[in-house]
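Welcome! Please take a moment to look over the sequence and the 3D structure, and then read on.

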Amino acid sequence: MINFEFPEDFIWGCATASNQIEGAVDADGKSPSIWDANMRDQPEKFWNGHHYNTTIADFYYHYKEDIENMRELGLKSFRFSLSWTRILPDGRGAVNPKGIDFYDRVIDCLLENGIAPFADLYHWDLPESLGKAGSFLNPQVIDDFHDYAEVCFKHFGDRVRYWSTINEPSAMRCFTANDPRFDFQDPACYLTYVRNVLKMHNAAVKSFRENVAPGIAEIGAVSAFVPIYARTSDPKDIEAAKIQEDYVCNVWFSGILKGKYPERLLTHAGLKCDFRDELQAELTACHQPVDFIGANYYYPNTIGYKEGNFLNTELAQVYYAQSDYGFRIYPQGLYDTLMYFKREYGNPKIFLTENGFATDREKHGADLEDDERIAYLKEHFRELNRVLDAGANVQGYFLWSIVDTFECFNGLRYQFGLNHIDLETKKRTKRKSWYYYQDCIKKHRTV
Ligand code: NOJ
């Protein structure tokens, strides 16, 4: 029998990111991030050619209403990200008091409503100036990130409950905003990126320990976990699936949790570059333990062996039901993901920091009667019940998202929100799934 109950202190949350909900891209001293710059310069690349300042939920102006909505929903924690260029418009140097003031107000409002703030330092919106200066390929970004993190800890460290350094570095196209300097099929480029991002993470954790009083908060990092299944039981397919899982997932999770590059990946014949032998010693020297890990689970992949790319892998054509967004729907992947941490990483404290379902605005309009999302959530919650029963140390679930979010080049076409956003008026309307989630939270069980 599956036990459908959740522990009373289970943390039910919602997750967002600054560049996906805030809007106000040039208000009160904010300067452009790499995403803002993309939208400013190439609006034709985005859904409906929308201009960057007009197509978003405008949380910057609606945060009180949204936090009131979260309180009514019963949320225990709200995961949001801080916008680097709202706080440090030049990417480094002078602090923008109005940027600090905005996050002060958001954090205080959350606390007044009994919701624990969960702040991500970085969710894909690198300052445009740092993008121009070499982005993640220039090691200077490590010191810049450290200094930015320090500003955040000093200003908000007395009130934020959970911190995360980086979000989903594996979503490399988004992390680098499709910058043509990044070629992730080139081992030297891939490893430079990984090396610098892991150093950024560790530099921020070190600063956290130095600047935030013990006991006030915890720090971790968030990445996507994509469980990778082998196409067949042929040993070559099994090996291909494992190396792909290392390339996409374990390079981050092992790097962060153990301070170790996955051996299989680091010694892979296809991953040669002239600094490969230095990487492990560097990581050992800067590694900082974290208090928890965040895993985002949306879909699995199935991989087979094929000579061609540098890892000799290919995506297998396997049938899965899909959401409008093209994400494969496989609830058991959530179980496999969370059990992976129990098995391979010694059962660390873990939050499922993202999971959610999108429908197409063009096909379904506002989709207020979103029964498909409810069915999706129900199945994923059942897997969460199973994982808890199996003893995995999962302490919270964050649904993506509280409102419709801006999804990279797809803009607001695909709707992930418990609240629909009207593009013209920005009016919020609760979807049926909002009530479903409220009921689960209230009853502490999958309903
Ligand atoms: C994961 C990312 O962290 C988030 O930014 C994105 O919106 C969701 N995936 C859904 O695509």
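In this predicted model, Cys 189 counts as buried because its relative accessibility is 8%, which is under the 20% limit for that label. Is Cys 286 buried or exposed, or something in between? Cys 286 is partly exposed, with a relative accessible area of 22%.

**Cysteines and disulfides**

- A disulfide is a covalent bond that joins the sulfur atoms of two cysteines.
- How many disulfides does the structure hold? The count is zero.

**Around the ligand**

- Which residues come nearest to the ligand? Out of 13 residues around it, the nearest are Gln 20, His 123, Asn 167, Glu 354 and Glu 407.
- The shell around the ligand is made up of six nonpolar, four polar and three charged residues.
- The ligand takes up the space of the largest pocket.

- In the side chain of His 123, an N or O atom is 2.8 Å from an oxygen atom of the ligand.
- For Asn 167, the distance from a side-chain N or O atom to a ligand oxygen is 2.9 Å.
- Glu 407 also has a side-chain N or O atom facing this list: the distance to an oxygen atom of the ligand is 2.7 Å.
- Taken alone, the ligand exposes 300 Å², and the protein buries 95% of that area.

Technical notes
Residues numbered from 1 in each chain as written. Predicted model: local features only at pLDDT ≥ 70, side-chain atom pairs only at ≥ 80, totals over all residues. Heavy atoms only, no water. Near = heavy atom within 4 Å. Polar contact = N/O pair within 3.5 Å; in protein donor to acceptor, adjacent residues only side chain to side chain. Areas by Shrake-Rupley, 256 points an atom, 1.4 Å probe, with all protein chains shown as cover. 1 Å grid on protein atoms, 1.4 Å probe; cavity = no way out; pocket = protein on both sides within 12 Å on 5 of 7 lines; lining within 4 Å. Sits in = over half its atoms within 2 Å of the grid points. Nonpolar A, V, L, I, M, F, W, Y, C, P; charged D, E, K, R; others polar. Disulfide = S-S within 2.5 Å. Buried < 20%, exposed > 50% of the residue type's maximum accessible area, 1.4 Å probe, protein only.
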